[in-house]
Amino acid sequence: MKKETFLRQLCRRLNRLKREERVQVIESFREMISDRIEEGLSEEEAVACLGTPKEAAQEILNGMPEEKLLKKDRLGPVLLILFLIAGGLSLFWAVRIRSHFPASVAVIGGADGPTSIFVAAKLGHAWGLYAAAVLLLLALAVHLWRRSRM
Amino acid sequence: MDIQVKKGLLDYCVLRVLQTCDSYGYQMIRDLAPVVELSESTLYPILRRLEMAKEVDSYSVEHSGRLRRYYRITEAGQKRLRDFRLQIGQIQTALSYIQGNGSPEEDPTGREEP
């Protein structure tokens with residue numbers, strides 16, 4: 001196996017490590033492979049000394065202190081459910097509005113200042129749509145916030 | 001070697017090898033080879049933990065166009081090693097007890113076989 005292939009696979013298997021920690025592990029392994037090559041081994045032989053990426057990753061994860069690991073993802077599934085509920089709600093209300101208030105849709109298009117308030121009042125029936133929009137925005141915000149932290 | 005025992009000893013092996021001189025990953029593995037079998041994947045977390053405990057620190061040195069990370073034992077690391085050395089007598093007593101063949105006259109706990 002080539003050095004870069006090994007390092008890429010190792011990196012993928014270390015996804016439970018925090019990102020900056022993962023980078024350091026990869027750098028350290030890159031160094032140790034280079035040291036072996038410098039000693040006269042071929043690239044393949046040097047990589048073979050480290051075992052398979054799977055074994056190496058297992059060993060590293062076993063030894064790493066708890067605080068260097070990412071917390072078990074409990075928020076992910078919650079976000080997904082939130083997305084699904086929001087999607088379902090908006091679909092449901094879109095269908096209802098189309099069948100029950102076909103006129104109101106047309107009115108929104110032409111609504112200006114005072115009329116728009118009137119329309120909004122009528123659309124008060126569509127609370128589900130608002131709820132769905134809020135849920136969607138909330139889920140999106142949490143998702144973005146989490147990604148920026150990783 | 002038994003995995004639990006080995007785990008406990010490796011920290012001290014690493015600290016000891018760094019007491020001789022500052023060293024980098026592959027050199028430590030090579031230097032410790034006659035003493036204990038140590039792989040890259042085992043060594044890395046050990047160094048990381050020792051570093052977090054401030055028992056070692058590290059610095060980079062350029063070596064043939066790339067960076068090499070050297071580790072150095074700190075005063076806290078020296079102290080941990082000294083403290084451990086004081087306990088070696090006790091550990092040796094326990095080890096020779098375990099090693100004994102279990103005949104009652106050799107048993108220092110004085111227990112008779114039932």
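**Sheet, helix packing and chain contact in the predicted model**

In chain B, three strands form an open sheet in the order β1-β3-β2, with antiparallel pairing. Strands β1 and β2 of chain B lie at the edges and have a single partner strand each, so one side of each is left without a neighbour in the sheet. Helix α1(B) packs on this sheet and touches β1, β2 and β3 of chain B. The direction of α1(B) makes about 100° with that of β3(B). The model is a predicted one, and the descriptions that follow refer to it.

Strands of a sheet pair through backbone hydrogen bonds, either parallel or antiparallel. Strand β2 (residues 56-63) of chain B is paired with strand β3 (residues 66-73) of chain B over 8 bridges, in the antiparallel sense. These two strands form a hairpin with 2 residues between them. Ser64(B), in the turn, has a positive phi of about 35°. On the β1 side, strand β1 (residues 23-24) of chain B is joined to β3(B) by 2 bridges, and the two strands run antiparallel. Here Tyr24(B) has Tyr70(B) of β3(B) as its bridge partner.

Two packed helices are described by the angle between their axes and the distance between the axes. For helix α1 (residues 3-20) and helix α2 (residues 25-32) of chain B, the axes come within 10 Å and cross at roughly 105°. That makes α1(B) roughly perpendicular to α2(B). The residues that meet are Cys13(B), Val14(B), Val17(B) and Leu18(B) from α1(B), and Met28(B), Asp31(B) and Leu32(B) from α2(B). By class, the contact of α1(B) with α2(B) comprises 6 nonpolar, no polar and 1 charged residues.

Helix α2(B) also packs against α3(B): their axes come within 10 Å and cross at roughly 115°. The helices α2(B) and α3(B) are therefore roughly perpendicular to each other, and their crossing is right-handed. In this contact, Gly25(B), Tyr26(B), Met28(B) and Ile29(B) of α2(B) meet Glu40(B), Leu43(B) and Leu47(B) of α3(B). The residues involved divide into 5 nonpolar, 1 polar and 1 charged. Met28(B) is listed in the contact of α2(B) with α1(B) and in that of α2(B) with α3(B).

The size of an interface is often given as the accessible area lost when the parts come together. Chain B and chain A bury about 1900 Å² between them, with 52% of it on carbon and sulfur atoms. The contact takes 20 residues from chain B and 22 residues from chain A. Tyr26(B), Glu40(B) and Tyr44(B) supply 35% of the area that chain B buries against chain A, more than any other three residues. Tyr26(B) and Glu40(B) also take part in the contact between α2(B) and α3(B).

Between the chains, the axes of helix α2 (residues 19-38) of chain A and helix α3 (residues 40-52) of chain B come within 11 Å and cross at roughly 130°. The helices α2(A) and α3(B) are therefore oblique to each other. Their crossing is right-handed. From α2(A), the contact is made by Glu21(A), Gln24(A), Val25(A), Ser28(A), Phe29(A), Met32(A) and Arg36(A). From α3(B), it is made by Glu40(B), Ser41(B), Tyr44(B) and Arg48(B). By class, the contact of α2(A) with α3(B) has 4 nonpolar, 3 polar and 4 charged residues.

Terms used. Residues are numbered from 1 along each chain as its sequence is written. Chains are lettered from A and ligands numbered from 1 in the order in which they are written. This is a predicted model: local features need pLDDT of at least 70, side-chain atom pairs count only at pLDDT 80 or more; totals for chains, interfaces and linings use all residues. Side-chain values use heavy atoms; hydrogens and water are left out. Axes are lines fitted to C-alpha atoms, for helices over the stretch in contact, and angles run from 0 to 180 degrees between N-to-C directions. Helices (H or I, at least four residues) and strands (E, at least two) are DSSP runs, numbered from the N terminus. Angles under 35 degrees count as roughly parallel, over 145 as roughly antiparallel, 65 to 115 as roughly perpendicular and the rest as oblique. A crossing is left-handed if the near helix is turned anticlockwise from the far one by less than a right angle, and right-handed if clockwise. Contact means heavy atoms within 4.5 Å. Ala, Val, Leu, Ile, Met, Phe, Trp, Tyr, Cys and Pro count as nonpolar, Asp, Glu, Lys and Arg as charged, and the others, Gly among them, as polar. Two strands pair if DSSP finds at least two bridges between them. Buried area is the accessible area (1.4 Å probe) that two parts lose on being put together, summed over both.
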